[in-house]
Amino acid sequence: MTSLFAILIATMPERKSLLQRLLNALDKLSFDDEHLIIIYNTKGEKQGGPTTGAKRNRLMSEAIREGATHIAFFDDDDLPGPTYLQRNLEATKGDYDTA
């Protein structure tokens with residue numbers, strides 16, 4: 001079975017610079033597995049948009065629809081360490097229930 005790693009990011013339009021910073025950081029990481037990045041960019045709950053949980057549920061549904069076998073959620077203000085994703089991907093190859 002081919003693995004597909006999905007990186008899911010919920011954000012809001014006014015946080016564009018934070019999202020770009022995260023995308024730049026993700027771009028510098030190396031992936032041995034095929035991956036995709038899905039972004040849900042909509043107004044926040046206080047502005048009449050969906051809750052963070054609803055955004056994440058929508059992102060997860062989309063990832064599953066795309067065939068993702070592994071999922072990582074990132075907030076737009078996160079900055080992953082240089083080996084964060086690769087180490088998590090390596091853990092998925094073991095006989096573990098979660099990584």
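The largest pocket in this predicted model has a volume of about 290 Å³. It is lined by 16 residues, and those closest to its centre are Met-12, Arg-15, Gly-44, Thr-52 and Lys-55. The protein itself has three helices and three strands, which run β-α-β-α-β-α from the N terminus on.

**Pocket lining**

- On method in general, empty space is found by rolling a probe the size of a water molecule over the atoms.

**Nonpolar cores**

- The largest nonpolar core is made up of eleven residues.
- Its members are Phe-5, Ile-7, Ile-9, Leu-19, Leu-22, Leu-26, Leu-29, Ala-72, Phe-74, Leu-85 and Leu-89.
- At least two residues of this core come from each of β1, α1 (16-27), β3 (70-75) and α3 (84-92).
- Another core, of ten residues, lies apart from the largest one, and its members include Leu-4, Ala-10, Leu-36 and Ile-38.
- As a general background, nonpolar side chains tend to be buried together in soluble globular proteins.

**Overall dimensions and contacts**

- The C-alpha trace spans about 45 × 25 × 20 Å along its principal axes.
- Of the 99 residues in the protein, 32% are buried.
- Taking contacts between residues at least 6 apart in sequence, 73% join residues at least 24 apart.

**Thr-11**

- Thr-11 counts as buried because its relative accessibility is 2%, where the cut-off for buried is under 20%.
- With neighbours within four places in sequence set aside, Thr-11 is in contact with Leu-19, Ile-39, Tyr-40, Asn-41, Thr-42, Lys-55 and Asp-76.
- Among these contacts, Leu-19 is a member of the largest nonpolar core.
- Lys-55, also in contact with Thr-11, is one of the lining residues closest to the centre of the largest pocket.

Definitions and conventions: Residues are numbered from 1 along each chain as its sequence is written. This is a predicted model: local features need pLDDT of at least 70, side-chain atom pairs count only at pLDDT 80 or more; totals for chains, interfaces and linings use all residues. Side-chain values use heavy atoms; hydrogens and water are left out. On a 1 Å grid over the protein atoms alone, a cavity is a set of points where a 1.4 Å probe fits but cannot get out, and a pocket is an open set with protein on both sides within 12 Å along at least five of seven lines; lining residues have an atom within 4 Å of a point. Grid points are joined across faces, edges and corners, and a volume is the space filled by probe spheres set on the points. A nonpolar core is a set of buried Ala, Val, Leu, Ile, Met, Phe, Trp, Tyr and Cys residues joined through side-chain atoms within 4.5 Å. Buried means under 20% relative accessible area, exposed over 50%, partly exposed in between (1.4 Å probe, protein chains only). Helices (H or I, at least four residues) and strands (E, at least two) are DSSP runs, numbered from the N terminus. Contact means heavy atoms within 4.5 Å.
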